[in-house]
Amino acid sequence: MTTPPMPPAPPPNRPVACSLLSGFFVLRRCGRPAAGACPSCGRPVCPEHFGSDGLCPECSRQVADSAYHRSWTYGYRRTHYENTPTVYGSSTWYPSFDQNDRDAFEPGGGDWAAASGDFAGGSEWDGSDGDAGGDWDSDGDGLVDS
Amino acid sequence: MFWRKQRKALERLHPLHRQLVEERRFSATLPSADWTALVASLAAHGQAITRRKWQVPDRAASTVVPMLRVLQEDMEPGAFLGVTTDLRGPVVSDKSGESRTLSVRPPIRSVRETFYTDPWLVVRAELRDGSVLELAVVDRVRQRRIVKKNRNGKIKTKTKSKPARAVRATRRLPKGMAVAEPAPRAPGWLTVRVQQKENGRTVLRASAKVSTHDDHRTLGQILTVTGELFRWTPPRASAATTRRSR
């Protein structure tokens with residue numbers, strides 16, 4: 001007597017991924033399984049990115065002014081790109097990047113694909129909050145509703 | 001035997017660290033992750049070595065180590081990173097080039113002008129986006145040795161140096177990567193050239209002449225010149241961009 005094959009086990013819940021951006025010129029999200037949340041900013045962080053002070057590199061950058069420190073690159077990256085507009089004579093170039101622009105570095109990823117962040121279910125984009133007005137043309141007259 | 005304990009400590013250092021201390025230069029190509037051991041060894045230098053003669057050159061801490069850190073961030077752990085650094089300074093016999101004698105008149109007896117070319121940092125890195133980055137920081141120094149005789153008959157020698165620093169970065173893109181001129185355009189002191197190769201690859205080159213007065217500003221200048229090459233390749237459009245444009 002043969003036993004019927006067992007159905008495949010359901011996939012385990014996908015672990016929360018580390019949300020830090022790595023890289024200097026070529027940015028990308030770390031993506032390793034997170035070990036916990038940073039006590040300061042609350043973002044999920046993997047063991048690789050947790051500093052000795054228990055904070056993520058973005059939060060502990062105040063102490064990482066030496067290039068020998070693991071998290072030095074994060075603080076220096078921010079400083080360098082904040083100073084870039086003075087080099088290019090534009091004060092709007094770097095500040096024009098937001099989280100969605102950074103998501104563009106992730107193929108198929110980002111807040112849209114994960115339905116998280118500002119675009120999670122129930123936000124004003126899907127109209128599910130019952131707000132028929134807002135800034136969008138809900139009645140089809142070609143004018144923005146007030 | 002003097003400095004016995006220090007000598008033993010020196011022998012325990014990372015091989016490239018020891019070479020940097022003893023010869024003021026090294027050249028190696030290693031997987032990106034393997035450079036972390038050198039950085040860790042350099043970080044502990046002050047605890048192990050106190051002898052002034054064996055101090056790490058200033059540029060190692062101000063430029064070479066930060067560049068290693070930055071490039072490691074953009075590389076896969078197994079990708080190769082090649083670094084050649086020579087921190088002996090420009091006025092070394094094997095860096096001297098063209099030399100000539102200038103015409104003089106009394107009280108100057110002779111002027112000898114020598115040019116030195118010092119490529120003190122050369123880097124090749126295989127980045128995780130498939131492109132290959134090559135970087136060279138070259139100091140070119142004009143040195144004039146002036147010999148003159150004063151009215152008492154005493155002969156004196158004076159040396160004048162005029163340095164100039166060039167940063168050259170080259171990025172060889174993988175096949176098919178799109179290139180677009182960025183806005184705003186690069187500042188006037190930064191030259192960018194785009195070359196389309198016959199094999200379908202694009203090569204971006206940026207070069208600039210930068211200040212030599214402050215070594216601590218060199219890192220920022222190198223990163224600005226290198227970063228210009230990455231402004232020419234816009235990030236790939238993701239689902240976010242596609243949906244937003246509908």
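These entries record what I looked up in chain B of a predicted model.

Conventions. I kept local features to pLDDT of at least 70 and side-chain atom pairs to pLDDT 80 or more, while totals for chains, interfaces and linings use all residues. Residues are numbered from 1 along each chain as its sequence is written, chains are lettered from A in the order written, and side-chain values use heavy atoms, without hydrogens and water.

Entry, α1(B). I took helices as DSSP runs of H or I with at least four residues, and strands as runs of E with at least two, numbered from the N terminus. In α1(B), residues 4–11, I found Gln6(B), Ala9(B) and Leu10(B) buried (under 20% relative accessible area, 1.4 Å probe, protein chains only). They lie on the same side of α1(B) because their arc around the axis is only 100°, taken from the directions from the helix axis to the C-beta atoms. These buried residues pack against α2 (15–23) and α4 (45–48) of chain B; contact means heavy atoms within 4.5 Å.

Entry, α3(B) and α5(B). I looked up the packing of α3 (residues 35–43) on α5 (residues 58–73) in chain B: the angle is about 145° and the axes are 11 Å apart. Axes are lines fitted to C-alpha atoms over the stretch in contact, with angles from 0 to 180 degrees between N-to-C directions. From α3(B), residues including Trp35(B) and Leu42(B) meet Val65(B), Leu68(B), Arg69(B) and Gln72(B) of α5(B).

Entry, Ala208(B). I located Ala208(B) in strand β8, residues 202–210 of chain B. Ala208(B) counts as buried because its relative accessibility is 6%. Beyond four places in sequence, its contacts include Arg165(B), Trp189(B) and Val225(B). The C-alpha atoms of Ala208(B) and Ile222(B) are 9.1 Å apart.

Conventions:
Buried < 20%, exposed > 50% of the residue type's maximum accessible area, 1.4 Å probe, protein only.
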